[in-house]
Amino acid sequence: MANLSSEFDEMGSFTFTDFPEDVQLCILSFLSPSDVVTFSCTSKRVVSLCRNDRKLWFTMCDRRWGSKTQIKNWGKGNITYRLLYRTLLQWENLLGFWRRSGSSSVSSPPLVFFEWCSDFLAGFRVSPSSNGTYDVVKSPFLWLGLSSEGKAMGFIDPKGCSDFAGKFSDLGESDFSDCDLVPVDLSFMGKNHFVIEENQTFVYPNSPEQRKKGFRRSSSFANLAAATDVNEVASGSPGSLPDQLMSEIYQHFANRTSPGASRRQRRREKERLGKKKWEPEHFVKIVNCSPTPLRPLQGLWKGISDDMSMDFYLVVYDDIGGISCRRVRDSSERFSSNAPVFWTSNTTFLETPFSLEEELLYDCRIHVRPLPANDIEELVPSIENKKISRILCVNSSYDLVLPDLAGSIPNPRNVEGRIWQYNNGTFGFGFLRDNFIIDLKHIARNGLILDTVE
């Protein structure tokens, strides 16, 4: 018993600093940055440990994003991992779908999807294909990366035809200009809203202008140091400056405060605005873009209408338990509308066995889907394999837009519809006034867009 008591006392006095350094770093790598900073204040011995960039902060970055992007390649490997962690933590919020808010100066799809790449974060415009299939067009739009100095760089491709996979940080001024890229700033306005604005003061990395600017800066500092040394030797006053330098400083401030300075500034501002290539755009995050067990219809879906054109649909559950579905379209389009495609305030499903009337409503309708390219007969068994698991009663948008419509038509059931949920988790919807069903499929799954075409 005495031996056990002494061993317990020894283990009880065992502290964190008694662990090997590798074990300490492994434990600290599971903490958040704020917790690491707080822990560094507890003892002088752990300060150096918490500041270990190559070990601690690299492990933190690698554990969180190592399987998604190449951590060592960001900023050409010349930046600190602490800076990288802080940057990626903020940009991680961009992953997923965003929808443009308001009108745009150019005609472009309203949906944007962000994903990790080798050493940068890429945003793609996402739009339905026009070939009568479930294919999704994914075109390049925005790139975010870090320079070797640790500065954030963002570029937009208005034409959507560039590909920088694996070479973002190695591009020079000629590469950017050849692709007609526009340097931009991305600013967050909360977690679910950001704005993209053109950065007209951006200097391309490794460009002659940047090198010339650096040369001028170094030359001015050298001239100032040389002039100060000469002045100290001549006058013996280390605090005085040469007359020529004082004259240049006076001239600089005189030009800024002269009556013509404001006119020149306004002229330069007008010229700068005249060269603007990109108007600011706002984007709002689509938070719930995937279904869940409690909300099986929620998210972004794609479906082919009776005219064989594909649309994107966003199904949303409201705070009072209702469901509404809207098409995702450009708000600047002439015939775009915010009216729901279908809606319901009662989310109680009809379970099996179904009544004969419900079975007849489903069996007498055709499924609007693309025909197989080679064999039309493949369509028949694919439809028969879609077994219904549940049915939900919904309404069309007409009784919301025209409240008196339900009482003015012979059959009020014309505004009613059904959602048929299938065993594979997808669903189709249709209305009693029509003879077809629009089957919906997932746009993305596990962070990847399905059925993409360039």
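**Entry 1: helix 2**

I began with helix 2 and found that its buried residues are Gln24, Leu25 and Leu28, where buried means under 20% relative accessible area, exposed over 50% and partly exposed in between, with a 1.4 Å probe and protein chains only. These residues cover an arc of only 95 degrees around the axis, which puts them on the same side of helix 2; the arc is that of the directions from the helix axis to the C-beta atoms. I then looked up what the buried residues of helix 2 pack against, and noted helix 3 (33–40), helix 4 and helix 5.

I must record that this is a predicted model, in which local features need pLDDT of at least 70 and side-chain atom pairs count only at pLDDT 80 or more, while totals for chains, interfaces and linings use all residues. Residues are numbered from 1 along each chain as its sequence is written, and side-chain values use heavy atoms, with hydrogens and water left out.

**Entry 2: the whole chain**

I noted 14 helices and 21 strands in the protein chain; helices (H or I, at least four residues) and strands (E, at least two) are DSSP runs, numbered from the N terminus. Of the 454 residues in the protein chain, 38% are buried. Among contacts with a separation of 6 or more, 57% are between residues 24 or more positions apart, and contact means heavy atoms within 4.5 Å. The accessible surface comes to about 26,500 Å², of which 53% belongs to carbon and sulfur atoms; such areas come from the Shrake-Rupley method with a 1.4 Å probe, and for residues only the protein chains shown count as cover.

**Entry 3: the cores**

Which residues touch the most other members of the largest nonpolar core? I found Leu84, Leu94 and Ile196, in a core of 38 residues; a nonpolar core is a set of buried Ala, Val, Leu, Ile, Met, Phe, Trp, Tyr and Cys residues joined through side-chain atoms within 4.5 Å. Elements that each supply at least two residues of this core include helix 2 (21–28), helix 5 (53–65), helix 6 (81–91), strand 4 (136–146) and strand 7 (193–198). Apart from this core lies another, of 36 residues, among them Val126, Ile286, Val394 and Ala444. I also followed Ile196 and, leaving aside its neighbours within four places in sequence, listed contacts including Phe141, Val184, Trp278 and Phe283.

I turned to strand 10 (residues 310–317), where seven of the eight residues are buried, so the strand is largely enclosed by the rest of the structure. Strand 9 (residues 299–304) and strand 10 pair in the antiparallel sense over six bridges, two strands being paired if DSSP finds at least two bridges between them. Leu300 stands opposite Leu314 in strand 10. These two strands form a hairpin with five residues between them, and Met308 in the turn has a positive phi of about 65 degrees.

Strand 10 also pairs in the antiparallel sense with strand 11 (residues 323–327), over five bridges, and Tyr317 stands opposite Ile323 in strand 11. The hairpin of strand 10 and strand 11 has five residues between the strands, and I noted that Gly321 takes a positive phi near 95 degrees there.

**Entry 4: aromatic pairs**

How many aromatic pairs does a search of the whole structure find? I wrote down 19, with rings of Phe, Tyr and Trp (its six-membered ring) pairing if their centres lie within 6.5 Å, and planes under 30 degrees apart counting as stacked, over 60 as edge-to-face and the rest as tilted. Phe194 and Phe283 form a stacked pair, 5.2 Å centre to centre with 20 degrees between the planes. Phe194 lies in strand 7 and Phe283 in strand 8 (residues 281–285), so the pair ties together parts that are 89 residues apart in sequence. Phe194 and Phe283 are both buried.

**Entry 5: backbone details**

I found a cis peptide bond joining Thr352 and Pro353, with omega about 0 degrees, and placed Pro353 in the loop between strand 13 (350–351) and helix 11 (356–363). Lys76, a residue other than glycine, has a positive phi near 55 degrees and sits in the loop between helix 5 and helix 6. Lys76 counts as partly exposed, at 37% relative accessibility.
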